[in-house]
Amino acid sequence: MIRIGVWLGDRNEDRDWIARLATLIPGARVEGLAEAVPDTLDYALVWAPPEGLLSRQAALKAVISVGAGVDHVLRVADLPRHLPILRTTGPDMVQRLREYVALHVLAHHRDLMDTDARQARAEWQVFVTPTANRRRVGVMGLGRIGAACAQTLAALGFDTAGWARSPRDLPGVRTYGGEAGLAEFLDRCEILVCLLPLTADTADILNAGLFARLAPGAAVINAGRGGHLVEADLLAALDAGRLSGATLDVFRTEPLPPDHPFWRHPRIRVTPHIASYVDPDSGARVVAQNILAFDRDGTLPDIADPGRGY
Ligand code: NDP
């Protein structure tokens with residue numbers, strides 16, 4: 001029998017996931033991670049678990065992140081470091097991000113912030129934006145999600161580039177790799193999308209130095225993690241007109257506090273970490289398949305490497 005403990009930080013969500021997984025994995029025992037008797041679980045399915053929950057389950061075979069990122073698991077102080085960490089992606093997760101990135105790149109491309117501001121003033125002013133093939137966009141991170149989003153932008157006609165640790169072959173996308181390729185990649189970006197994992201190497205990467213390299217008046221979209229962005233540097237770059245706008249889905253503190261300046265900044269669009277979502281319906285199917293495959297022989301394509309941090 002496979003025994004699974006669930007902690008997503010929300011009782012209702014936990015209940016949904018427990019019910020779905022119990023149906024999808026016949027014979028499994030699925031319960032709340034906090035309620036489970038110590039040392040009885042094979043798998044812990046988590047989002048940002050508090051300290052103390054994982055280390056009391058000494059029989060765990062793996063920890064499963066309900067999400068593509070694993071930074072929220074690696075952060076847990078008493079995480080048993082020997083355990084494999086399984087990521088959760090799947091077609092719905094990738095599709096939602098493709099939609100989010102297309103929506104917000106197009107919004108910056110077609111100056112939607114200015115259009116909204118003009119509408120608020122009942123101001124009719126015709127303006128023309130270049131077509132997508134004359135707009136240079138760049139995606140940082142070319143993993144499962146970043147690569148799909150870069151190809152979506154290329155399919156929309158954008159002049160698209162991508163950056164990862166090393167260059168790769170991605171049809172329709174010019175790619176750059178590592179520190180050596182970063183400056184050249186940034187120099188060409190008018191709209192920059194961050195889809196990196198949060199690691200020691202990528203923390204604070206969206207900073208004043210990076211903004212200064214982008215094309216003047218560039219826009220930045222961060223759907224990676226809040227820890228990628230130096231908030232004060234973004235505000236300064238926007239207020240100086242160095243950047244024309246930003247769309248932010250992820251934040252250092254979530255939920256974003258009501259008095260945070262991002263909420264009311266005229267050049268910032270805030271979305272509440274909804275670029276994508278692992279829902280208990282299609283997401284549970286992916287998790288169930290992953291658990292069953294991993295339980296068979298201890299392998300799976302979506303296993304994070306704690307040494308690299310993703
Ligand atoms: P993957 O692990 O599949 O890919 C990560 C990519 O980032 C790889 O291309 C990798 O390079 C690149 N990368 C990692 N470190 C560096 C570095 N130091 N320099 C350059 N490139 C680097 O991740 P996914 O595509 O599945 O997801 C990416 C991130 O998106 C997640 O970690 C998460 O933070 C975020 N996300 C946000 C969501 C939201 O709702 N806002 C939802 C889902 C994910 P290489 O290929 O060379 O290894």
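Guide: Let's start with Arg75, which counts as exposed because its relative accessibility of 57% is over the 50% cut-off. Keep in mind that this is a predicted model. The side chain of Arg75 meets that of Asp71 in a salt bridge, at 3.7 Å from N to O. Asp71, on the other hand, is buried, at 9% relative accessibility.

This pair is one of 19 salt bridges in the structure. Another joins the side chains of Glu35 and Arg11, with 3.1 Å from N to O. Glu35 sits in the loop between E2 and E3 while Arg11 belongs to helix H1, so this bridge ties together parts that lie 24 residues apart in sequence. Arg11 is exposed at 56%, and Glu35 is partly exposed at 47%.

Now move along to Glu190 and Arg136, whose side chains form a salt bridge at 3.8 Å, N to O. Here distant parts of the chain are linked: Glu190 is in the loop between helix H6 (178–187) and strand E9 (191–194), and Arg136 is in strand E6 (residues 136–140), 54 residues away. Glu190 is buried, with a relative accessible area of 18%, whereas Arg136 is partly exposed at 29%.

Salt bridges can also join up into a network, as those of Arg20, Asp281 and Arg285 do.

Methods
Residues are numbered from 1 along each chain as its sequence is written. This is a predicted model: local features need pLDDT of at least 70, side-chain atom pairs count only at pLDDT 80 or more; totals for chains, interfaces and linings use all residues. Side-chain values use heavy atoms; hydrogens and water are left out. A salt bridge is a side-chain nitrogen of Lys or Arg within 4 Å of a carboxyl oxygen of Asp or Glu. Helices (H or I, at least four residues) and strands (E, at least two) are DSSP runs, numbered from the N terminus. Buried means under 20% relative accessible area, exposed over 50%, partly exposed in between (1.4 Å probe, protein chains only).
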